[in-house]
Structure formats: C-alpha cells, structure tokens
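These are my notes on one chain, kept in the order in which I looked things up.

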Amino acid sequence: MKTAAIILSTLSVASAFAPTQNAASNSALNAAVPRETVLSEPDTTEFGKIWDPLGLAEMGSDETIAWFRHSEVKHGRVAMAAFVGWWAVGAGLRLPGELAYGLSFADIPSKGLEAWDAVPGWGKAQMLLFAGLIEFHDELFYSRRGTHYMRGGTPGKNMVPGLFDPLGLSTGKSAEAKARGRSSEIKNGRLAMIGVAGMWAAATLPGSVPLQPDC
C-alpha cells in the first residue's frame, strides 16, 4: 500500500506540471515575429538607418510592431491602387458602359475628387462594403488557414484566395526573391501614400504642392 501511494503521488505531481509545459510551448509557438525581424525589411539604403523620427518603432510589444507593419502594407496597397486610379481618370481612360443607371463612365469628370463625388451614394457604399468584406475574410482566413501575423505569421501576407497575385507570379520564387519583392512593395507603397496625399492636397488646396498640375 505504501508503495502504491508513492507511485500515485508521483504521477499526480508529474501531471500537475504538464499543463505548464504545454502552456509554455503554446506561448512560444504563438509569439509574434520579433521586431528586429520586422524592421529589417525593407533595406535602409536611402537613409542608412530606419527612418522613424517619431520613434513609433519603439512603441508597444512585438505584436504591436507586427500590426504596424501589416497595416502599413495594406495602406500601401490601397494607396498604389488609388494613385493608379486617380492617374487613369485624369488621363481620360474610361471603362465602357454605365457606372450607374443614367450615368456612363464617359460622363465621369477627369479630376479625382470630382470623379468620386460623381459616384452615387449606393455605389460608394458598395465599395466600402466590399473593402470591409475583404478585411473581414482576411482576418478570418488568417485564423483558419494559417498563422496570424500577430502570432508568428508574416505581416502583410494576404489570405483572401485569388485576391492578391491571381496570376500566380510569385509561385516558384525563392525565399530571397520573395523578400526582395516584399521590400519593393513596402517602398512603393510608401511612395504611393505620399503621392496620393500630395494629389489630394493639390486638389483641395490649389497651389499647396509646387509644380503639381491641376488634378
């Protein structure tokens, strides 16, 4: 009896420590990508160091930095699309057919903000709803089909099937080539955000942007 009691007590002590080990393992697996890794992209050839005059990279935890980078990539993609769209409208490019009943694409003004104002309210609502659905499903698929960017996944990676890279251009590329592509995307996105902000300022406050033509 004494031997059995010793064995049972030993097993109970061992089992008591098992959840702690599992919790530590899960915590390590769910850790965000370290800030040093996130901030290592893109390269800093232009400035020689990370350009962060407000010290935002020092705020919060690794999860915060991962969220910052994910948001930056998304905003950069939206800005690149907005810049191209603004340019296309200003250059006179139009889709065939009608944007809405009684409003053809050919009737859309050539200036960016005026073109947006010409879109009916329900059209604007559909665009915002579509963007919201993309955001919702991106987070949903991150949780169900991969590792979330705040839990060790890649910040900026799009998880909506067929939305990003529908032609599969990145398929078969090496890790180094994909890293160069990510760096280029971040830099181009930053330039696009500056470009869209400049065009918006020029359209809203005439003369506020030197050498900027009327847009």
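I looked up Tyr-149 and found a relative accessibility of 4%, so it counts as buried (buried is under 20% relative accessible area, exposed over 50% and partly exposed in between, with a 1.4 Å probe and protein chains only). Tyr-142, at 1%, counts as buried too.

I am working on a predicted model, where local features need pLDDT of at least 70, side-chain atom pairs count only at pLDDT 80 or more, and totals for chains, interfaces and linings use all residues. Residues are numbered from 1 along each chain as its sequence is written, and side-chain values use heavy atoms, with hydrogens and water left out.

Aromatic rings. A pair of aromatic rings is described by the distance of the centres and the angle of the planes. I count rings of Phe, Tyr and Trp (its six-membered ring) as paired if their centres lie within 6.5 Å; planes under 30 degrees apart are stacked, over 60 edge-to-face and the rest tilted. The structure has 2 aromatic pairs. One of them joins Tyr-142 and Tyr-149, edge-to-face, with 5.1 Å between the centres and 75 degrees between the planes. I also noted Arg-145 over the face of Phe-141, 4.3 Å from the ring centre; the criterion is NZ of Lys or CZ of Arg within 6 Å of the ring centre and within 35 degrees of the ring normal.

Chain layout. I took helices (H or I, at least four residues) and strands (E, at least two) as DSSP runs, numbered from the N terminus. The chain has 6 helices and 2 strands, in the order α-α-α-β-β-α-α-α from the N terminus. Of its 215 residues, 22% are buried. Among contacts (heavy atoms within 4.5 Å) with a separation of 6 or more, 55% are between residues 24 or more positions apart.

Helix H3 against helix H6. The axes of H3 (residues 62-90) and H6 (residues 175-204) come within 7 Å and cross at roughly 55 degrees. H3 is therefore oblique to H6 (under 35 degrees is roughly parallel, over 145 roughly antiparallel, 65 to 115 roughly perpendicular and the rest oblique). The axes are lines fitted to C-alpha atoms, for helices over the stretch in contact, and angles run from 0 to 180 degrees between N-to-C directions. Residues making the contact include Gly-76, Met-80, Phe-83 and Trp-86 of H3 and Gly-189, Met-193, Val-196 and Trp-200 of H6.

Ala-32. I found Ala-32 in the loop between helix H1 (2-29) and helix H2 (35-39). Ala-32 has a relative accessible area of 8% and is therefore buried. Beyond its neighbours within four places in sequence, Ala-32 touches Asp-62, Glu-63, Met-150, Arg-151 and Gly-152. Its C-alpha is 9.9 Å from that of Thr-147, 115 residues apart in sequence.

Backbone. Most residues other than glycine have a negative phi, and most peptide bonds are trans. I logged two entries under this heading. The bond joining Glu-41 and Pro-42 is cis, with omega about -5 degrees, and Pro-42 lies in the loop between H2 and H3. Leu-211, not a glycine, has a positive phi of about 65 degrees. Leu-211 sits in the segment after H6 and, at 87% relative accessible area, is exposed.

Leu-140. Leu-140 belongs to helix H5 (residues 121-145) and is partly exposed at 26% relative accessible area. I read 8.6 Å between the C-alpha atoms of Leu-140 and Met-159, which are 19 residues apart along the chain.
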